[in-house]
Amino acid sequence: MPNLINVSDFALASTVECGQAFRWSRTADCWFEGVVGQRVIRLRQHPQSVEWESRPNADKKVVARYLALDVSLPDILATFPNDPLLRKAVKDHHGLRVIRQEPWECLASFIASSSKQIVQIRQIVDLLARRFGEPVSDTHRAFPTVAAVARATHQQLWDCKLGFRAKNLLAAARLIDSGKLDLEALPSLGYGHALEELIKLPGVGEKIANCTLLFACGFNQAFPIDVWIERALRRIYFDGKKRVAARELREFARTHFGPHAGWAQQYLFFSERTLGQQRPRRRQALLDAGAK
């Protein structure tokens, strides 16, 4: 019998392709395949459930927790402000969930993401795993440990297409490996304290820190602001102003979107990025329809 998790309000493709994790890919037989920790996991969407396989075998609770299927999506969506374009983003991508990643892999992936497109980030993460990760199957490797990256040379990381990010990733890994920052302790800290600790690391600003806190540490109020989100906030909430201070955007996000602001951010981010890939006329028509 197949392994099934009964859930009707889950969008698998949106969840694994929205830019929060970088080790998932579509397969020719309509599955999504990825490496989570020390396991290769395959997922397939059904109308009222998600089917999963894993090597080595994973408990159902492990898969459900990773995909955040153990939380009530309606309860989270009920905390969102009643904005027309946010409502449209939720309607278009209903079922998108904020998954729970391992903190080091999440942090390292977003350090590698600076000024990169998603397809490039996936290539970098794959190269890091192939060069420094332990094998978990004949064809897959786990993401490298902090210690493995800390032992690497700058040139080895540069060869993984990290460019200037190699220096930052190496320095961050060595600081964490030395015990100067305990990533596993971050969820037990307050949000503000955890943010302060992360931005002490080389190459980690508020955006990368908030990605880590949201996607790996359980801080649902964390609201990463990148170019896509800044563009969406300016257009939707600031009358299209070309310049809005970063501090003003952060304060607005903190007060406007509520206790699950990070979930709202993911809907806005995925919607904005999807719109950005449309042709100009089609994009404007979608924007006009969403504003009604």
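Which residue forms a salt bridge with R42, and how far apart are the closest N and O atoms? The legends below begin with that pair. This is a predicted model, in which local features need pLDDT of at least 70, side-chain atom pairs count only at pLDDT 80 or more, and totals for chains, interfaces and linings use all residues. Residues are numbered from 1 along each chain as its sequence is written, and side-chain values use heavy atoms, with hydrogens and water left out.

**Figure 1. R42 and its salt-bridge partners.**
R42 forms a salt bridge with E53, with the closest N and O atoms 3.1 Å apart. A salt bridge here is a side-chain nitrogen of Lys or Arg within 4 Å of a carboxyl oxygen of Asp or Glu. R42 lies in strand β4 (residues 39–46) and E53 in strand β5 (residues 49–55), so the pair ties together parts that are 11 residues apart in sequence. Helices (H or I, at least four residues) and strands (E, at least two) are DSSP runs, numbered from the N terminus. R42 also meets E33 in a salt bridge, at 3.6 Å from N to O. R42 is buried, with a relative accessible area of 13%. E33 is buried as well. E53 is partly exposed at 34% relative accessibility. Buried means under 20% relative accessible area, exposed over 50%, and partly exposed in between (1.4 Å probe, protein chains only). A network of salt bridges links D29, E33, R42 and E53. The structure holds 15 salt bridges. Side chains of opposite charge can pair when their charged atoms come close.

**Figure 2**
Strand β3 (residues 32–36) runs antiparallel to β4, and 5 bridges join them. Two strands pair if DSSP finds at least two bridges between them. V36 stands opposite R39 in β4. The hairpin of β3 and β4 has 2 residues between the strands, and G37 takes a positive phi near 65° there. β4 and β5 also pair in the antiparallel sense, over 7 bridges. R44 stands opposite E51 in β5. A hairpin of 2 residues joins β4 to β5. In a regular strand the side chains alternate between the two faces of the sheet.

D126 and R130 form a salt bridge, the closest N and O atoms being 2.8 Å apart. Both residues lie in helix α6 (residues 118–132), 4 residues apart, so about one helical turn separates them. D126 is partly exposed, with a relative accessible area of 30%. R130 is exposed, at 52% relative accessibility.

**Figure 2. Helix α11 and what covers it.**
Helix α11 (residues 206–216) is mostly covered, with 9 of its 11 residues buried. Among the buried residues are I208, N210, C211, L213, L214 and F215. The cover over the buried residues of α11 includes α5 (103–111), α10 (191–198) and α14. Just after α11, G218 takes a positive phi of about 80°.

**Figure 3. S271 in helix α14.**
S271 lies in helix α14 (residues 261–276). S271 is buried, at 13% relative accessibility. Leaving aside its neighbours within four places in sequence, S271 is in contact with A89 and H93. Contact means heavy atoms within 4.5 Å. The C-alpha atoms of S271 and G19 are separated by 12 Å, although these residues are 252 apart along the chain.

A disulfide is a covalent bond between the sulfur atoms of two cysteines. The rule used here asks for a pair of cysteine sulfur atoms within 2.5 Å. By this rule the count is 0 disulfides. The closest cysteine sulfur to that of C106 is in C211, 6.9 Å away and too far for a bond. C106 is buried, with a relative accessible area of 0%. For C160, the closest cysteine sulfur is in C106, 19 Å away and too far for a bond. C160 is buried too, at 2% relative accessibility.

**Figure 4. Confidence along the chain.**
The protein averages a pLDDT of 91, and 95% of the residues score at least 70. pLDDT is the predictor's confidence in each residue, from 0 to 100. Among the elements of the protein, helix α7 (residues 146–150) has the highest mean pLDDT (98) and helix α15 (residues 280–290) the lowest (47). Over residues 278–287 the pLDDT is below 50, and this stretch has 12 contacts in the model beyond near neighbours in sequence.
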